[in-house]
Amino acid sequence: MKACFMGLGYIGLPTAIIAAKHGIKVTGVDINPSVVELTNQGKLHIVEPGLEAYLQEVVKTGNLKASLKPETCEAYFMVVPTPFKGNHEPDISYVEAATRSVLPLLKAGDLYVIESTSPIGTTEKMRDLIYGERPELKDKIYIAYCPERVLPGNVIYELVHNDRVIGGIDEESTNKAIEFYSQFVQGTLHRTNARTAEMCKLTENSSRDVQIAFANELSLICDKAGINVWELINLANKHPRVNILQPGCGVGGHCIAVDPYFITADFPMESKIIANAREINNYKAFWCAEKVQNEMLKFELKHHRKPIIAMMGLAFKPNIDDLRESPAKYITTKVMQSCSNADILVVEPNVQEHKVFKLTGYKEAYGRADIVVMLVAHDVFKTLSWTDQKVILDFCGIYKK
C-alpha cells in the first residue's frame, strides 16, 4: 500500500516514519526544501529520542521518501498546522491547501484522512470541497478524521500504543480508516463520526488547559498569601479523589494553547470555563514577566548596578526543542524589551542556535547570573543546586521552594 503524508512536522514526520517501518510505502510531503532534503538524507529536523535511527532505516529500505509534491497513492493524510488568526479564529487554510494539492491525484477507492487538529465541521468542509471540484468521486472515496494524541519526547511508543479515535463521514469511511491504522497501531481504535472525532481532540486539550489553569490560579493566590504552592498541591493531592496538576509559567505548544480557541470561536456563549482558563494561562506568563522585572528593580536599588539575568528555557515543555506558542519565549521577550541595556542570558539546551536569541550554556548562565529565572523544567536544570547567593524565581517547580 502507498500512503502520502502532507506535512513533515512534529506529528507528520514521526507518523510517516512509523507507517513506513510497518511496511507501508510512504511519500512525505513538505513545502520546506530543507526538511525534504534532510529527511531524504536520513537526518531528523526535529528533536525526538530514537526517531532518527528509524528514519535512517526506512529511507534505506526505500519505504519512505520525502518530496515537495504529492504522488499518486491509495491513502492521503493531512498533517499540517492549524493555527489561529485575528481574534483567535481557527485557520484551516493549510488543510485546504494540502487538500487541493492532492485533489488531482484522488481516484475511486482512495482514503483521505485529516489528522490536523481542526474546528468542528472541517472534515465535512473538505468533503464538500473534494466533491465540488471532483464530482465524479462523490461517494466513491473514503473520508475520515483521526486526530493525533501523542506526547513529544515519547512519540515512538505512543504512536503505536495509544488508543485512537477515528470518525468517518460514513460507516464505510470509518472502516477503511481503521483498516489502515490497524497496520501499525496496537492501541484500541475507537469508531465514531467525523464531528465527534473532531470535538474529541478539542475536548482532550481543553480539559488539560482548564486543569492547568486551576493550578496556575492557585499559584497566583498562594503568592499573595505567602504559601508554597508546590507543598500545598502535594498535600491536597493526598486526598484520594483529588489530582491537581502542577503550575507553570503558562501554557504553550501546538495543542493545549491553541485548541480551546477552536471551541470558543464557534461557541462563545457556551464555553465560559474554557475561555476563562485560556485567559488565566495567558495571564500567568504576563505575571511571570512582571515578577522578573520587579526583582530586577529590587536588585538594582539594593546593589546600585543592573543584574545579570538567566532566562532558563524557551521550549513550551520540558526536554524538547519545540518553541511554538511557548510562554517561556514570551516571558523572555517581554523582559528583554522592558530593559534593553540589561545583561540577559537566554538558555535553551535543546536548541543549538536561534534566529532571535543569542543562546548561552545552562551551566555558564547559572554561574554568572544574579537572578535565575526557571521557566522550563528541563532535566539538565535539575542538576543545578539551589543557592541562597542568587535570586531564584522558580516558575516551573525545579526546586519547589
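**Close-up 1. The lining of the largest pocket, sorted by residue class.** The lining of the largest pocket has 20 nonpolar, 10 polar and 10 charged residues. In this sorting, Ala, Val, Leu, Ile, Met, Phe, Trp, Tyr, Cys and Pro count as nonpolar, Asp, Glu, Lys and Arg as charged, and the others, Gly among them, as polar. What you see is a predicted model, in which local features need pLDDT of at least 70 and side-chain atom pairs count only at pLDDT 80 or more, while totals for chains, interfaces and linings use all residues. Residues are numbered from 1 along each chain as its sequence is written, and side-chain values use heavy atoms, with hydrogens and water left out. The lining is made of 40 residues, and L151, R208, I212, I256 and K317 lie nearest the centre of the pocket. The elements that give two or more residues to this lining are α8 and α12 (327–338). Helix α8 gives the most, with five residues. Helices (H or I, at least four residues) and strands (E, at least two) are DSSP runs, numbered from the N terminus. The volume of the largest pocket is about 1,000 Å³. Here a pocket is an open set of points on a 1 Å grid over the protein atoms alone, with protein on both sides within 12 Å along at least five of seven lines, and lining residues have an atom within 4 Å of a point. Grid points are joined across faces, edges and corners, and a volume is the space filled by probe spheres set on the points.

**Close-up 2. The second largest pocket.** This pocket has a volume of about 780 Å³. Look for V79, V80, P81, T82 and R324, which lie nearest its centre among the 31 lining residues. Helix α4 (residues 93–102) provides the largest share of the lining, four residues. By class, 16 of the lining residues are nonpolar, 10 are polar and five are charged.

Close-up 3. Rolling a probe the size of a water molecule over the atoms shows where empty space is left. A cavity is a set of grid points where a 1.4 Å probe fits but cannot get out. The structure holds one cavity of 30 Å³ or more, and about 40 Å³ of space lies in the largest cavity. Its lining is formed by Y10, V47, E48, P152, V155, I320 and D321. Five of these residues are nonpolar, none is polar and two are charged.

Close-up 4. A salt bridge is a side-chain nitrogen of Lys or Arg within 4 Å of a carboxyl oxygen of Asp or Glu, and the structure holds 21 of them. The side chains of R149 and E204 form one, at 2.2 Å from N to O. R149 sits in the loop between β8 (142–145) and α6 (155–161), whereas E204 belongs to helix α8 (residues 194–225), so the pair links parts of the chain 55 residues apart. Buried means under 20% relative accessible area, exposed over 50%, and partly exposed in between (1.4 Å probe, protein chains only). R149 is partly exposed at 25%, and E204 is partly exposed at 24%. A second salt bridge joins K291 and D223 at 3.2 Å, N to O. K291 in helix α11 (residues 272–303) and D223 in helix α8 are 68 residues apart. Both partners count as partly exposed, K291 at 24% and D223 at 38%.

**Close-up 5. A salt bridge within one helix.** R368 forms a salt bridge with E364, and their closest N and O atoms are 3.4 Å apart. Because they are four residues apart in helix α13 (residues 362–368), the two are separated by about one helical turn. R368 is partly exposed, with a relative accessible area of 37%, and E364 is partly exposed as well, at 45%. Elsewhere, salt bridges that share partners join E96, R100 and E133 into one network.

**Close-up 6. A parallel sheet of four strands.** Strands of a sheet pair through backbone hydrogen bonds, either parallel or antiparallel. This open sheet runs in the order β12-β11-β13-β14, with parallel pairing. Two strands pair if DSSP finds at least two bridges between them. The edge strands, β12 (343–347) and β14 (391–394), each pair on one side only. Neighbouring strands are turned by 15° against each other on average, direction ignored; axes are lines fitted to C-alpha atoms, for helices over the stretch in contact, and angles run from 0 to 180 degrees between N-to-C directions. Strand β11 (residues 308–312) and β12 pair in the parallel sense over five bridges. In β12, L345 stands opposite A310.
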